[in-house]
Amino acid sequence: MCGIMGYVGPRQAAPLLLDGLQRLEYRGYDSAGVAVANGPISVRKAEGKIDRLAALLQKEMIEGSVGIGHTRWATHGAPSDRNAHPHADSSGKFVVVHNGIIENFAQLRSELGSKGHEFTSDTDTEILAHLIARRYDGDLVSAVRSAVASAEGAYALAAISEHEPDKIVAVRRISPLVVGLGDGETFLASDILAVLHHTRDFLIVEDDEMVVVTEDGATIESISGSEIDRPVMHVDWDIEQAEKSGFDHFMLKEIHEQPSVISETIAGRLDNHNHVRLEGVNLDSTFADELNQICITACGTAYHAGLVGREIFSRLLRIPTSVEYAHEMRYAEPLIASGSLTLAISQSGETADTLAAARLARSQGSRLLALTNVVGSTLSREADDVLYTRAGPEMSVASTKAYMAMLIGQYLLALHIGSAKGVLEEELVERIMRGLHALPADIETIIENDEEIVTAARSIASAEDLYFIGRGLDYAVAMEGSLKLKEISYLHSEAMPAGELKHGTLALITEGTPVIVVITQQSVYEKTISAIQEVKARGGRVIAVAYQDDPIIYELADTVLGIPRSDDLFGPVAAVVPLQLLAYHVARLRGHDIDQPRNLAKSVTVE
Ligand code: AGP
């Protein structure tokens, strides 16, 4: 995820900016840069590690005591020197860094292009520098306000200008921004951690607010111009806590980020006319008409996301869809018909097995579409089409927000293919759009009310064996819930379709055996209830993940982890969240290393 750093004060800005950016490194980035005003503005930027930027600065330091810096995690345009931030307008007098996404970037770029503006990068950020320059009429604050009024999306930006070299003007629209108040100097950052060693006094910039930073402090106002009196927040976290934004573990932080990850993954891709626009995916109607088979390949959590995809594509598009473990597929003899699409799913885009299976499918004539979180990853470079998930860097080995973004990506793909193929009724498209837009709030509700989950975690923390069951989409979620628990709690658990229980595993259910049942699918509701009855009859203890307004489940189950009622197509998306939290709390109770579980690596780049 990108990082912003700014400084105004008596000291040299460049070394301070560099230091702040280094402290944001843990968030992941692909390039970095700084801009410092001293009369004219000087910019230094480089693809790759911050060391490269540091070397550039060492060769030729830039003097000046007002500056902005950035670590970039690519969304628009590949990681490269030219796409690294800061970006300037054509005159070089207005310079900007920016986190997040400008949704109407293509439209703004063509409007500016038609007025003679020329661009030197592929980024949405550069548009902002040009817009600000165009709107400048002697007042940087008004120019930024006017530019922001035209730029839709979820972002944060910081701008400096040669005309007013005593200040930084910044705006927050969803992406975080804080001001650090020093003694005769002021810092701006996207993360408290970047400046915590300079000050413990902060002003938190809220959504749709502007801040003007000078060496005397900062003034905050709303985007519309009304003054805001923000109290100073004194922070007493230690550095380690600050890295995790105050959460005890990255995994918990990433679970909490899921509502905004959903919004980011959707941002700019759905319009008000029920159209989906997926930059990087070009499955036109000629291809879609011929498309007769989808094969999803992935490993681990990405494979479980694929299980959800299989249901979505088969149900919505009526296209036969299979999902294969990549490590199996690469040594099998997959039957790849012409007119097939292989969807390779990988958070990292570097998983060796997934790459091998994807290459095999492509060599046999399948079109390859990558669903990945990392711009420029090997998978993204080798695929015919790429859909990026925009979950931001995931630090915890146990994947949560990346899984969530993979699910959302597949709903978007179903809309894209369905519309190219012309098989989705308007009503169904509207239903999917509604479902997607409702998810962030539903997940927020689950995360905020986790008392029942903590109690359930206590009740299973010393269990020997656990079972997860569900049907259809709920089965996919059961698989993911079981994997999360295994990875970080080291408890033995198994997941299976609810109907499979009676074909053998039921022999293992005795007095008190915990069975976690996911039950959101109304079409198989009665069938799952029968499985619950089978478990109860053997003395098993049922923990159900179910809609919170379902009285039958509250009657039957020993514990219910309730989720807000939703469309059945989306119930399983929200249902995974209590299971992620359950795994987290069990691991915590058992005293394990949650973010770095034993024997596991974040990215499995060997076979
Ligand atoms: C998930 O919690 C695991 N860390 C693991 O199963 C992971 O999903 C798998 O190794 C695939 O990784 P990828 O998405 O980077 O390809």
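**Figure 1. Packing of helix α16 against helix α20 in the predicted model.** Helix α16 covers residues 451-460, and helix α20 covers residues 571-589. Their axes lie 8 Å apart and meet at an angle of about 50°. That angle makes α16 oblique to α20, because angles from 65 to 115 degrees would count as roughly perpendicular and those under 35 degrees as roughly parallel. The crossing of the two helices, α16 and α20, is right-handed.

**Figure 2. Residues at the contact of α16 and α20.** From α16 come I453, V454, A456, A457, R458 and I460. From α20 come P578, L581, L582, H585, V586 and L589. By class, ten residues of this contact are nonpolar, one is polar and one is charged. R458 of α16 belongs to the contact, and Arg is classed as charged. H585 of α20 also takes part.

**Figure 3. The whole protein, 607 residues, as a setting for the close-ups.** The secondary structure comes to 20 helices and 25 strands. The C-alpha atoms fill a box of roughly 80 × 55 × 45 Å along the principal axes. The radius of gyration is 25 Å, which agrees with the value near 25 Å for a compact globule with 607 residues.

Notes: Residues are numbered from 1 along each chain as its sequence is written. This is a predicted model: local features need pLDDT of at least 70, side-chain atom pairs count only at pLDDT 80 or more; totals for chains, interfaces and linings use all residues. Side-chain values use heavy atoms; hydrogens and water are left out. Axes are lines fitted to C-alpha atoms, for helices over the stretch in contact, and angles run from 0 to 180 degrees between N-to-C directions. Helices (H or I, at least four residues) and strands (E, at least two) are DSSP runs, numbered from the N terminus. Angles under 35 degrees count as roughly parallel, over 145 as roughly antiparallel, 65 to 115 as roughly perpendicular and the rest as oblique. A crossing is left-handed if the near helix is turned anticlockwise from the far one by less than a right angle, and right-handed if clockwise. Contact means heavy atoms within 4.5 Å. The radius of gyration is taken over C-alpha atoms; the globule rule is 2.2 Å times the number of residues to the power 0.38.
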